[in-house]
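Subject: Model for your review

Hello,

Here is the structure we discussed. Please open it first, then read the notes below.

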Amino acid sequence: MLAFVFQARFQHGAFTLTGTVSGLLFVLTILLFPQVVEAGALVYRIGWIPELGLNLTIRMDGLAWLFCVLITFIGFLVVLYARYYMSPKDRIARFYALLLAFMGSMLGLVLAGNLIQLAIFWEMTSLVSFLLIGYWYHRSDARDGARMALIVTGMGGLALFVAMVLVGHIVGSYELDVVLASGSMLVESPLYPVTLVLFLLAAFTKSAQFPFQFWLPNAMTAPTPVSAYLHSATMVKAGVFLLTRFWPVMSDSELWFVIVTYGGLITLIFGAAAALFQRDLKGLLAYSTISHLGLITTLLGMGTPLAAVAAIFHIANHATFKASLFMAVGIIDHETGTRDVRKLSGLLKLMPFTGTFAIIASAAMAGVPLLNGFLSKEMFFTETAEFHPNVFVNYSLPIGATIAGMLSVAYSVKFVHGVFFGPPLAPGDKVPHEPPALMRRPMELLVILCLAVGIIPGITIGPFLAEAVTAVLGPEKPYYSLSVWHGFNLPLLMSVIALVGGVIIYIPYYRQLRDIDGIPFINRLRGQRIFERLLLNATNRWARDFIKIFGTQRLQPQIFIVVAFALAAGGFAGWARMGNLPLPSSFDPVLGLVWLLGGISAIAAAQQAKFHRLAAMILMGGAGLATCITFAWLSAPDLALTQLLAEIATTVLILLGLRWLPKRLPVADDLTAKVRFRRLRDVTLALLVGMGTALASYAIMTRTAPEGISDYFLKNAYSEGGGTNVVNVMLVDFRGFDTMGEITVLGVVALTVFGLLRRFRPAEDSVGRPEQQRLLDNVDGGQRVADDFLRIPALIMSWMFPVVIVIAVYMLLRGHDLPGGGFVAGIIMSLAFILQYLAHGTRWVEDRLRILPMQWIGWGLLLAMLTGLGAVVLGSPFLTSAFTYADLPLIGKVPMATALIFDLGVFALVVGATVLMLIALAHQSIRRPRPAGAARPRLREETTKWN
Amino acid sequence: MELILAIAIGVLAASGVYLLLRPRTFQVIIGLSLVSYAVNLFILAMGRLRMDAAPILDRSAVNPGDYTDPVPQALVLTAIVIGFAMTALFLVVLLAARGLTGNDHVDGRLD
């Protein structure tokens, strides 16, 4: 059964499937009843994260069973009904799929045995409801109604989630069983008020209680089967279900009493009054639903066991008669083409069966004796009339209840009288008649149930209700009587007053009521409009103001704030842990000299970067070189090597880019105060950051290192990884996965660079050939100047080509045991190519060499990946390497780990990426691109491979 | 020795941060490089400074105390390569922005 529920949620199918599923589920639910009676609660648990108390728990007790019956039974009938209601033009499969999805989530909600699970299914019902309300998404009112419902109920869902987490925190478990057995723990907790407010926010939004009632009438834009199912029988009941579920552990407080009872009472009266003033039949029913939900809420608020019994009873009753009424309205709409009460009249003659059944259902809604509505309403009156020590409560409850009763009688009469009686309809294009029998059948079945429950309650609903009550109240449930006749007493008097009063209200005013739309006086203050206004403000105006105040589009302030914030955070964290700083123990004059130069270079680079780009770059290289020497000095040869080569590649890259930057000539400094201030501010921040980092690194370096993971790598690099260069072994073996990611990043960057440059448009003032290029192209005595340019260095560079390649291969092969490796070798290799470009120019090289950097990248990545996968095929984790030593002729013993193949992949990728970036940039010089802003043809002829 | 390196890191970081806050893209790219030097040295320093310690293992016996800490080195090696890629990407973005906006201000406008 349970597995079935969950599978069914995701199946897409049309009528047959949905009908079968819901019918089967209904039968299964019914069959489960004896077990529920026997066991009290059926619990089925699937562990997910037991440590965190997160399980998939399915728990069916009497209350959940009652809801399951409602959901599956009414669901089945609605599916049947929709078969005839929906037009063939609608996308029917989607409709049924959503209906089924809703049924699944609703069942999940009532069967949830875990708080988190409850909150999740709660959200799911909101989501599916959104989709169903907006089913006719081409209509703007449907979209608006759906959006509003989603926002309101979604907000409630969020509140519920927090409330559930709080409950779980207070009780110490997320299991519903534990929570329900926790007694007064929740009420006594200091967190109770917060939890309760959030919890009620969820219940009130879902069940459309005041002040969140406004979404429900707007949700009536949904197809009528959906209204009948979701917005009267099931989903809106989720709120009261929640209240009932947690009633035993949360209701015993003054706060609960006040909010829930009076929230419910206001909704009850307001809904009933509003229903009276509706022209649209569905609107009338929607407000009536709100009112009845208010009634249930009021009952649950009162906190007496008998009231809880009445609430549960009314949940079932309301679902029966309201669903049938919605179906009746759907039939009327279907047959006459309108739901406007002014245009309808005298339908009883044309549709005798539908009319009769609808009249009976409305009578149940009004609380006429011998119908189920009467019974629960009578119980409601009994409870309100109970003596209460507080005088205000003592009078307000029964009087309010009676007024609401009168109003509900009045709107029921309006419904019946307005639609079914009076002069027959003026003959229009379409003569309404009885719908197909199968469309009527579901409604008739429900009405017959109303009658059965109303006349012989003890037999029809007694045992099931008893079971549901036990689930809420425990074994010592109060005595209650379900019989129709209790003798003459106050509740009966109230019923009579309500029935007579309702008719008296209606009769004198029925003509006016017919034409009026909306409640007089408070019509202007519509929850809907307030909501829309609030939404607009929150998402548009307030957001804009917020950005205006706190945001900036400029990069500099953003970086400033980030750096300042990092400084503050670092300073805050570091200050307390600083401790005593020891005096320097040793001074290394060589390193001191290196950094004297390095430091000066760095500062000078900072100073020169504005007007002398080349100088700044050279100075930056100086600082880089100092860093490189430091690496070598501090026993890190691999780093020194890589740093040196990366430095070279970066320099070439930037040199290639310099040509496209605007000329900037130093001008006489006439700095404004603003600029001066800005610089001073930045210098201050920079100095603070510098001092902070210096202090932090000094503090760390003068302490002994904590026990780290380094020893593991040192001990195992040779025995496990087969290499003596620990750093390289880590890169290609122990931490091979990181390297894999890293080379992927490198490849992606190279492709991005290439992609960006394909569409490169230089600025207008740098389109022309630079002075140096023009000079080289000058013809001097029949020969171009360029032809003799760098003749000797070019020759040397040509000869170096094979030598550099050999060095690269050597570095690659020895990488596992000695400084070197894929990265280093890759950059050396790409430098070999670059040297050729430098020596002979782009065209010369490309006439003679075919370099396909993208293939290098692709093969490199593939090779690295395959090496890793090879290990998987052999049953080891991804990227495990094997190793041995191979005797290559002439070369001697070479470490042959599979890690070497991986490193080969790294090598190929680095070569490809570096060469791709450098060449793509270099090619911009020989292109003759149009400047930005010139007319661009949509498709360009690809003249060369690089453009 | 620790003091020298600490000051070096501080100087690099200060120059770099100052340049990061400048309005011209070229200044920012130089600044980024300087900051990455500082950060790389800082990471290396996390393993404590060892001069004359062997980075390459002796095959017969391994006493971890005799060697440099390989973990920061591996991290820095990765950082250098990624830093190179970052510089390259930033440079190209810089050039593209310069081409599109006609100036080299970080916000793409003259002020």
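**What was found**

In the largest nonpolar core, of 191 residues, Leu70(A), Ile74(A), Ala311(A), Ile312(A), Ala328(A), Ala361(A) and Cys450(A) touch the most other members. A nonpolar core here is a set of buried Ala, Val, Leu, Ile, Met, Phe, Trp, Tyr and Cys residues joined through C-beta atoms within 7 Å. Buried means 20 or more other C-beta atoms within 10 Å of the residue's own, with C-beta atoms placed from the backbone. Apart from that core lies another, of 138 residues, including Leu645(A), Val689(A), Val727(A) and Val35(B).

This is a predicted model: local features need pLDDT of at least 70, side-chain atom pairs count only at pLDDT 80 or more, and totals for chains, interfaces and linings use all residues. Residues are numbered from 1 along each chain as its sequence is written, while chains are lettered from A and ligands numbered from 1 in the order written.

Next, the contact between the chains. Chain A gives 96 residues and chain B 79 (contact: C-beta atoms, placed from the backbone, within 7 Å). On the chain B side, H3(B) brings the largest share, 23 residues.

Last, a helix pair (helices are DSSP runs of H or I, at least four residues, numbered from the N terminus). H1(B) and H2(B) pack at about 155°, axes 7 Å apart (lines fitted to C-alpha atoms over the stretch in contact; angles run from 0 to 180 degrees between N-to-C directions). H1(B) is therefore roughly antiparallel to H2(B) (over 145 degrees).

Best wishes

Terms used: Two residues are in contact if their C-beta atoms, placed from the backbone, lie within 7 Å. Helices (H or I, at least four residues) and strands (E, at least two) are DSSP runs, numbered from the N terminus. Angles under 35 degrees count as roughly parallel, over 145 as roughly antiparallel, 65 to 115 as roughly perpendicular and the rest as oblique. A residue is buried if 20 or more other C-beta atoms lie within 10 Å of its own, exposed if 12 or fewer, and partly exposed in between; C-beta atoms are placed from the backbone.
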